[in-house]
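Please look over the chain below before reading on.

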Amino acid sequence: MTWFDGNPAHLWQYPPAEEGRRYVECMGGVDSLCDKAEQFLSKGDARFAATLLAHAVAGYPDHASSRLRDLLASAYENLGYGSENGTWRNFYLTGALELRTGRRVGQDTDWSTPGTHLSVEQWFDVIAVRLNGEKAAEASFTIDFDVTDVKKKWRLIVSNGVLTRRLLEAGGGDGFDLRLVLTRDQLGQILQGKKVKVEKQEGDARVLDELLGYIGS
């Protein structure tokens with residue numbers, strides 16, 4: 001016997017896939033379960049919504065609808081952005097990213113190739129969960145990305161071993177260590193460590209190399 005909390009109902013539980021299919025059946029099918037999960041999400045209960053949706057994905061991993069996966073990704077994102085625990089946050093956001101892209105984080109993939117279509121936010125999620133927090137513990141810098149074809153500007157902040165992001169106002173912001181004006185595809189190539197000539201660059205280019213040195217290392 002492994003770990004046991006003393007509740008007899010937990011002695012002989014079904015494996016996740018078998019249990020998941022039974023949850024879906026009790027809820028009246030996948031669509032009905034999604035409807036109920038959306039209600040919990042709308043009330044701010046992402047925790048239980050994730051429980052319901054994870055059962056459905058476990059029960060039907062090869063037939064999970066895009067709606068089901070998108071809802072579970074949204075639940076994980078809500079939980080991740082609300083978590084003060086860095087490890088929990090990374091697991092939630094990694095799970096959300098994998099649901100939205102269909103690929104496990106860390107797989108050897110050229111995400112900037114046509115047909116992949118990662119959004120800028122998803123790119124930043126990828127590097128946030130791959131950042132080596134221990135190695136970056138003493139780092140402190142900001143990089144602004146003005147993505148011209150998306151017509152939005154973001155600031156990446158590395159501090160205390162964590163990478164965070166925020167949208168900038170239309171006029172931009174001051175106080176950056178490096179500012180790059182580029183396209184989404186150029187951003188993807190840069191974050192893979194490729195040499196790309198961007199539309200405009202201001203500041204200390206060394207902080208970009210520093211950031212890339214913390215990713216996946």
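A residue counts as buried when its relative accessible area is under 20%, and as exposed when that value is over 50%. By that criterion, 39% of the 217 residues of the protein chain are buried in this model, which is a predicted one.

**Overall make-up**

- The secondary structure of the protein chain amounts to 8 helices and 5 strands, and these follow one another along the sequence in the pattern α-α-α-α-α-α-β-β-β-β-α-β-α.
- Among the contacts in the protein chain that have a separation of 6 or more, 53% are made by residues 24 or more positions apart.

**The largest pocket**

- Rolling a probe the size of a water molecule over the atoms shows where empty space is left.
- The largest pocket holds about 280 Å³ of space, and of the 15 residues that line it, Arg 89, Asn 90, Ala 128, Val 162 and Leu 163 are the closest to its centre.
- Two or more residues of this lining come from each of the elements α5 (86-101), α6 (120-130) and β3 (162-167).
- By residue type, the lining of the largest pocket is made up of 7 nonpolar, 5 polar and 3 charged residues.

- Val 129 belongs to helix α6, and Val 129 counts as buried because its relative accessibility is 16%, where the limit is under 20%.
- Although Val 129 and Asn 90 are 39 residues apart along the chain, their C-alpha atoms are separated by 5.3 Å; Asn 90 is also one of the residues closest to the centre of the largest pocket.

**Residues with a positive phi**

- Most residues other than glycine have a negative phi, and the two residues described next have a positive value instead.
- Lys 151, which is not a glycine, has a positive phi of about 65°, and Lys 151 is placed in the loop between β1 (140-147) and β2 (152-159).
- With a relative accessible area of 74%, Lys 151 is exposed, since the limit for that class is over 50%.
- Asn 160, likewise a residue other than glycine, has a positive phi near 55°, and Asn 160 lies in the loop between β2 and β3.
- The relative accessible area of Asn 160 is 67%, and Asn 160 is therefore exposed.

How values were computed: Residues are numbered from 1 along each chain as its sequence is written. This is a predicted model: local features need pLDDT of at least 70, side-chain atom pairs count only at pLDDT 80 or more; totals for chains, interfaces and linings use all residues. Side-chain values use heavy atoms; hydrogens and water are left out. On a 1 Å grid over the protein atoms alone, a cavity is a set of points where a 1.4 Å probe fits but cannot get out, and a pocket is an open set with protein on both sides within 12 Å along at least five of seven lines; lining residues have an atom within 4 Å of a point. Grid points are joined across faces, edges and corners, and a volume is the space filled by probe spheres set on the points. Helices (H or I, at least four residues) and strands (E, at least two) are DSSP runs, numbered from the N terminus. Ala, Val, Leu, Ile, Met, Phe, Trp, Tyr, Cys and Pro count as nonpolar, Asp, Glu, Lys and Arg as charged, and the others, Gly among them, as polar. Buried means under 20% relative accessible area, exposed over 50%, partly exposed in between (1.4 Å probe, protein chains only). Contact means heavy atoms within 4.5 Å.
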